[in-house]
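Subject: A structure for you to look at

Hi there,

Here is the structure I promised to pass on to you. Have a look at it first, and then read on for what turned up in it.

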Amino acid sequence: MNESAQQFGKVAVLMGGLSAERDISLLTGKAVLDGLLEKGVDAEAIDAGHDVIEKLSQGNYDRVFIALHGRGGEDGKIQGVLETLSLPYTGSDVLGSALSMDKLRCKQLWQSEDLPTPAWKVLAEEADLKNIEELKLPIMMKPAHEGSSIGMSKVLNADGVKQAWQQAKKYDDSVIAEQFIEGAEYTVAILDGEALPVIKLETDNDFYDFDAKYQSEQTRYLCPCGLSEKEERKIQALALKAFNVAGASGWGRVDLMMDVKGKAWLIEVNTVPGMTSHSLVPMAARAVGLEFPELVVKILATAA
Ligand SMILES: Nc1ncnc2c1ncn2[C@@H]1O[C@H](COP(=O)(O)OP(=O)(O)O)[C@@H](O)[C@H]1O
Ligand SMILES: [Mg+2]
């Protein structure tokens with residue numbers, strides 16, 4: 001074991017968990033663990049089930065890498081446990097995690113800071129569906145707290161509204177209808193206070209849905225993203241600001257859409273983005289010469 005790997009002590013990689021994104025988290029966790037082990041870090045996996053507090057408190061750990069996606073792992077809950085156990089952990093703190101996970105609260109914060117995010121309506125009850133008349137179709141229907149495009153759909157006409165709402169409502173009490181931005185999709189990885197090169201995402205599906213994210217071979221990822229240097233810097237600055245306003249820290253990823261006029265719109269912050277070898281943060285890191293094992297060690301070093 002080399003000296004820099006030793007400084008981290010014994011590391012737990014939290015993965016799996018109980019959220020709808022469990023399977024993806026197991027892939028992220030395995031990749032992170034392998035990367036840390038390759039670099040000589042004394043790391044081991046913990047599947048974050050109901051006994052996670054027991055495992056964490058009895059394992060003699062010095063530091064934790066959170067590789068959990070979705071509820072319980074990305075929303076401030078496990079972060080609160082780790083604070084209580086005085087264990088340093090990667091990524092955002094309790095508040096930053098909770099705010100970023102809550103798409104509605106996050107949009108409200110951005111709006112209050114004059115950061116661009118698509119117009120939206122909250123649809124808690126069926127009676128609220130009439131409120132979407134104030135938005136132009138198409139709209140994006142989404143549960144306020146899920147990830148991996150779960151429960152989401154693009155609604156093209158008024159007939160589709162109710163079914164899309166019911167679908168989103170299955171996953172969350174709080175449903176958001178958001179103006180659909182026609183244009184290009186970009187994502188910006190954030191590492192230790194800096195934005196990495198922008199990635200452009202292209203899919204032939206209606207949007208970057210579960211299939212486009214994890215299954216399709218047809219999804220295209222462009223890095224360099226094709227924007228001019230000046231435009232790219234602007235997007236990076238916007239993403240970093242949006243990340244900070246949401247209270248996020250350490251590392252993460254900001255999703256944006258750019259409309260046909262070239263205006264960027266903030267979609268969401270991911271505080272524990274996917275970290276498989278095919279994921280976007282590793283792709284952006286590679287563009288600045290940072291290979292996967294170095295990247296995970298860098299993320300681990302931001303744990304506080
Ligand atoms: N307002 C929008 N306009 C156009 N596309 C959108 C909009 N909101 C979401 N999308 C599409 O849906 C995908 C998933 O939405 P997102 O809010 O990032 O949820 P998730 O947490 O599931 O990733 C985005 O990557 C994008 O392709
Ligand atoms: Mg997203």
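Gly49 sits in the loop that links strand S2 (42-47) to helix H3 (52-58); helices (H or I, at least four residues) and strands (E, at least two) are DSSP runs, numbered from the N terminus. Gly49 counts as exposed because it has 11 C-beta neighbours inside 10 Å. For that label, a residue is buried if 20 or more other C-beta atoms lie within 10 Å of its own, exposed if 12 or fewer, and partly exposed in between, with C-beta atoms placed from the backbone. Met15 is 34 residues away from Gly49 along the chain, and their C-alpha atoms are separated by 9.2 Å.

Before going further, please note that this is a predicted model, in which local features need pLDDT of at least 70 and side-chain atom pairs count only at pLDDT 80 or more, while totals for chains, interfaces and linings use all residues. Residues are numbered from 1 along each chain as its sequence is written, and chains are lettered from A and ligands numbered from 1 in the order in which they are written.

Next, the strand that pairs with S2. S1 (residues 10-15) is mostly covered, with five of its six residues buried. S1 and S2 run in the parallel sense and pair over six bridges (strands pair if DSSP finds at least two bridges between them). Within this pairing, Val11 is opposite Ala43 of S2.

Which residues have the most contacts inside the largest nonpolar core? They are Val13 and Leu14, and the core has 90 residues. Such a core is a set of buried Ala, Val, Leu, Ile, Met, Phe, Trp, Tyr and Cys residues joined through C-beta atoms within 7 Å. Helix H11 (residues 292-301) gives the largest share of this core, six residues. The domain assignment, which is automatic or from a database, gives domain 1 (3-90), domain 2 (100-116 + 183-301) and domain 3 (120-179). Between domain 1 and domain 2, the C-alpha centres are 23 Å apart. Where they meet, 22 residues of domain 1 are in contact with 16 residues of domain 2. On the domain 1 side, helix H2 (22-38) and strand S3 (63-66) are the elements that give two or more residues. H2 provides the largest share of that side, eight residues. The residues of this side divide into twelve nonpolar, five polar and five charged. Here Ala, Val, Leu, Ile, Met, Phe, Trp, Tyr, Cys and Pro count as nonpolar, Asp, Glu, Lys and Arg as charged, and the others, Gly among them, as polar.

Helix H7 (residues 161-169) is worth a look too. Its buried residues are Val161, Ala164, Trp165 and Ala168. They cover an arc of only 100° around the axis, so they are on the same side of H7; the arc is that of the directions from the helix axis to the C-beta atoms. The exposed residues Lys162 and Gln163 are on the face of H7 turned away from its buried side. The buried residues of H7 pack against strand S5 (139-143), strand S6 (153-155) and strand S7 (175-179).

Is Phe180 buried or exposed? Phe180 is buried, because 20 other C-beta atoms lie within 10 Å. Apart from neighbours within four places in sequence, Phe180 is in contact with Pro138, Ile139, Met140 and Lys154. Gly250, 70 residues from Phe180 along the chain, has its C-alpha atom 30 Å from that of Phe180.

Finally, a few backbone details. Most residues other than glycine have a negative phi, and most peptide bonds are trans. The peptide bond from Leu137 to Pro138 is cis, with omega near 0°, and Pro138 is in the loop between strand S4 (120-122) and S5. Another cis peptide bond runs from Cys223 to Pro224, with omega near 10°; Pro224 is found in the loop between strand S11 (220-222) and helix H9 (229-245). Ser86 is not a glycine, yet has a positive phi of about 55°. Its place is the loop between helix H4 (77-84) and helix H5 (94-101), and Ser86 counts as exposed because it has 6 C-beta neighbours inside 10 Å. Asp114, also not a glycine, has a positive phi of about 60° and lies in the loop between helix H6 (103-112) and S4.

Best wishes

Methods: Two residues are in contact if their C-beta atoms, placed from the backbone, lie within 7 Å.
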